[in-house]
Amino acid sequence: GKWELIYASDDITRSSPFFWAFRRAFPDNSDQIFSITDAIPEPIKMVGPATQEIDLDASSRGTFVSRVKVATLGGVATSIMTTRASIVGAEGVDGLRLKVESTKPEESTILKKLGPLGKLINSNSQPFPSGEALERVAPGSSEVVMVTTYLDEGLRVTRNKDRSDDDAFVWVRVGDFGGGNTASL
């Protein structure tokens, strides 16, 4: 199912599993790096909304897509930073193990302003293999665990297992509740 973030105990971008994996790859430097981008004030940098789409099969495997809108320069340049991950299985009774695969800016307003050329560039640009890059830095870092501490039909509370005492993300369901042969979490 599709979920929209309504509360984050950290910067909205940290709801993406890419940043959880980045922390695993760079445990000694990630917070310093994040503090630089977090200190950029509005309207120079604006973040949100954030959404997640989760589709599971009966064996707790499936797909996970995180999207976070990022705008700069008062909204002149915006894009949706999209991270795609595989759900590789359950972790205990309340966790899902995610393997980060790729990250790509989508729906760039700069590319849209270029008309057909921008559309051509966007359709031909490949996503960055962020999972592979993180694995080269620290093997195993591209896999993270999303723990769900509360779930009902319309509300979900998740945490990064590595920072379960620090991070909390509250999501509301958007749209329909799925269907077909997969479960929508």
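Two strands are taken to pair if DSSP finds at least two bridges between them; helices (H or I, at least four residues) and strands (E, at least two) are DSSP runs numbered from the N terminus. The model shown is predicted, so local features need pLDDT of at least 70 and side-chain atom pairs count only at pLDDT 80 or more, while totals for chains, interfaces and linings use all residues. Residues are numbered from 1 along each chain as its sequence is written, and side-chain values use heavy atoms, with hydrogens and water left out.

View 1. Strand E4 (77-91) runs antiparallel to strand E5 (residues 95-106), and eleven bridges join the two. Glu 91 stands opposite Gly 95 of E5. Three residues lie between the strands of this hairpin, where Gly 92 has a positive phi near 70°.

View 2. Strand E3 (62-72) pairs with E4 over eleven bridges in the antiparallel sense. Opposite Arg 67 stands Thr 82 in E4. The hairpin has four residues between its strands, and Leu 73 takes a positive phi near 55° there.

**View 3. Strands E1, E7 and E8.** Six bridges pair strand E1 (residues 2-8) with strand E8 (residues 169-174) in the antiparallel sense, and Trp 3 stands opposite Arg 173 of E8. E8 is also joined by four bridges to strand E7 (residues 155-160), again antiparallel; the bridge partner of Leu 155 in E8 is Val 172.

**View 4. Packing of helices H1 and H2.** The axes of H1 and H2 are 9 Å apart, at an angle of about 135° (axes are lines fitted to C-alpha atoms, for helices over the stretch in contact, and angles run from 0 to 180 degrees between N-to-C directions). The two helices are therefore oblique to each other (under 35 degrees counts as roughly parallel, over 145 as roughly antiparallel, 65 to 115 as roughly perpendicular and the rest as oblique). Phe 19, Phe 22 and Arg 23 of H1 are in contact (heavy atoms within 4.5 Å) with Ser 30, Asp 31, Ile 33 and Phe 34 of H2.

**View 5. The largest pocket.** A pocket is an open set of points on a 1 Å grid over the protein atoms alone, where a 1.4 Å probe fits, with protein on both sides within 12 Å along at least five of seven lines; lining residues have an atom within 4 Å of a point. The largest pocket holds about 350 Å³ of space, a volume being the space filled by probe spheres set on the points. Of its 20 lining residues, Thr 13, Phe 18, Phe 19, Val 70 and Met 81 lie nearest its centre. H2 gives the largest share of the lining, four residues.
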